[in-house]
Amino acid sequence: MLQQTPVARVLPVHEQWLDRWPTPADLAAEPTGEAVRMWGRLGYPRRALRLHAAAQAIVERHGGEVPDDHAALLALPGVGEYTAAAVASFAFGQRHVVLDTNVRRVLARTVGGVELPAQHVTKAERETARELLPDDEATAATWSVAVMELGALVCTAARPRCTECPVASLCAWRAAGHPAYDGPPRKVQTWAGTDRQCRGRLLAVLRDADGPVHLSRLDAVWADDAQRVRSLAGLVEDGLAVRTDAGTYALP
DNA sequence: GAGTCGTGGAT
DNA sequence: TATCCAAGACT
């Protein structure tokens, strides 16, 4: 839930989610559409499908218990390098390079002397993080969560609180006079008129309906025929929607 | 490796 | 009001 999503927005959904499905087995027993519905407006709804699939995999491969092994975590749907490292570190106290957007920004500033990291994680970045990670397992786990919190609460993307920063004295970016970002132009996420917006509109109709909806109700929320048809097909392709025999659409 | 995939609070 | 961007994963 936290992937690319602010913590404050996740908290209420997370609470409802665990109230309804306390264990992986509880979630795994539900239709995937229920996961999509409970996901609400968190965004990137394919994550709901993957979380549901991960719950099933945990039941099938790990007896219903979340594995503590990094490789086993990484093999779960929706779990990438970051999430596997985060769970292994924060839940199980292990030593892994935890490289999320917060850590990347802290390292870019303190070590790299630049305001912001590159668009995507680089090999050099991962190497820097690996070298800085303390050797001791428990200390490494604490270090990882500490750097992450520093990035989330102090070394923020906009208006960093440098006067409150515990490592300001060793920060290369501060020493350089806080130079502004001057790398390649960062990709701006266009939104209005995109397939993403269209998909969001369509899925919202399915999510908010009690049962299958007629195509006319989907037609009503997006004017561009070609784009709407393409987006709906994409939702079906992704497993976020299903077409019934009667020609209606619903959550899977 | 670059594109794609939602949503909404903050500035 | 427009832009930024947030505990990334997958193709």
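Reader: Hi! Which residues lie nearest the centre of the largest cavity?

Author: Hello! This is a predicted model, and in it R109, C155, C162, C165 and C171 lie nearest the centre of that cavity. The lining has 13 residues in total.

Reader: Which elements give two or more residues to that lining?

Author: Those are α7, which covers 101–110, and α10, which covers 172–175.

Reader: And how do the lining residues divide into nonpolar, polar and charged?

Author: For the largest cavity there are 9 nonpolar, 1 polar and 3 charged residues.

Reader: Nice. What volume does the largest cavity have?

Author: Its volume is about 100 Å³.

Reader: How many cavities of 30 Å³ or more does the structure hold?

Author: The structure holds 2 of them. The second largest cavity has a volume of about 40 Å³.

Reader: Which residues line the second largest cavity?

Author: The lining is made up of V97, V98, V103, A129, L133, W143 and S144. By class, that gives 6 nonpolar residues, 1 polar and no charged.

Reader: Let's switch to pockets. How much space lies in the second largest pocket?

Author: That pocket holds about 190 Å³ of space.

Reader: What lines the second largest pocket?

Author: Its lining consists of V106, L107, T110, V111, L132, W143, V147, L150, P166, V167 and L170.

Reader: What is the split by class for the lining of the second largest pocket?

Author: There are 10 nonpolar residues, 1 polar and no charged ones.

Reader: Now for electrostatics. How many salt bridges does the count come to?

Author: The count comes to 11.

Reader: Is R104 buried or exposed?

Author: R104 counts as buried because its relative accessibility is 9%, and the cut-off for buried is under 20%. E125 is buried too, with a relative accessible area of 13%.

Reader: Which residues do salt bridges with shared partners join into one network?

Author: The network is made of R20, E30, E34 and R37. Within that group, the side chains of E30 and R20 meet at 3.8 Å, N to O.

Reader: Where do E30 and R20 lie?

Author: E30 is in the loop between α2 (24–28) and α3 (32–39), while R20 is in helix α1 (residues 7–20), so the pair ties together parts that are 10 residues apart in sequence.

Reader: What are the accessibility values there, for E30 and for R20?

Author: E30 counts as partly exposed at 23% relative accessibility. R20 is partly exposed as well, with a relative accessible area of 34%.

Note on methods: Residues are numbered from 1 along each chain as its sequence is written. Chains are lettered from A and ligands numbered from 1 in the order in which they are written. This is a predicted model: local features need pLDDT of at least 70, side-chain atom pairs count only at pLDDT 80 or more; totals for chains, interfaces and linings use all residues. Side-chain values use heavy atoms; hydrogens and water are left out. On a 1 Å grid over the protein atoms alone, a cavity is a set of points where a 1.4 Å probe fits but cannot get out, and a pocket is an open set with protein on both sides within 12 Å along at least five of seven lines; lining residues have an atom within 4 Å of a point. Grid points are joined across faces, edges and corners, and a volume is the space filled by probe spheres set on the points. Helices (H or I, at least four residues) and strands (E, at least two) are DSSP runs, numbered from the N terminus. Ala, Val, Leu, Ile, Met, Phe, Trp, Tyr, Cys and Pro count as nonpolar, Asp, Glu, Lys and Arg as charged, and the others, Gly among them, as polar. A salt bridge is a side-chain nitrogen of Lys or Arg within 4 Å of a carboxyl oxygen of Asp or Glu. Buried means under 20% relative accessible area, exposed over 50%, partly exposed in between (1.4 Å probe, protein chains only).
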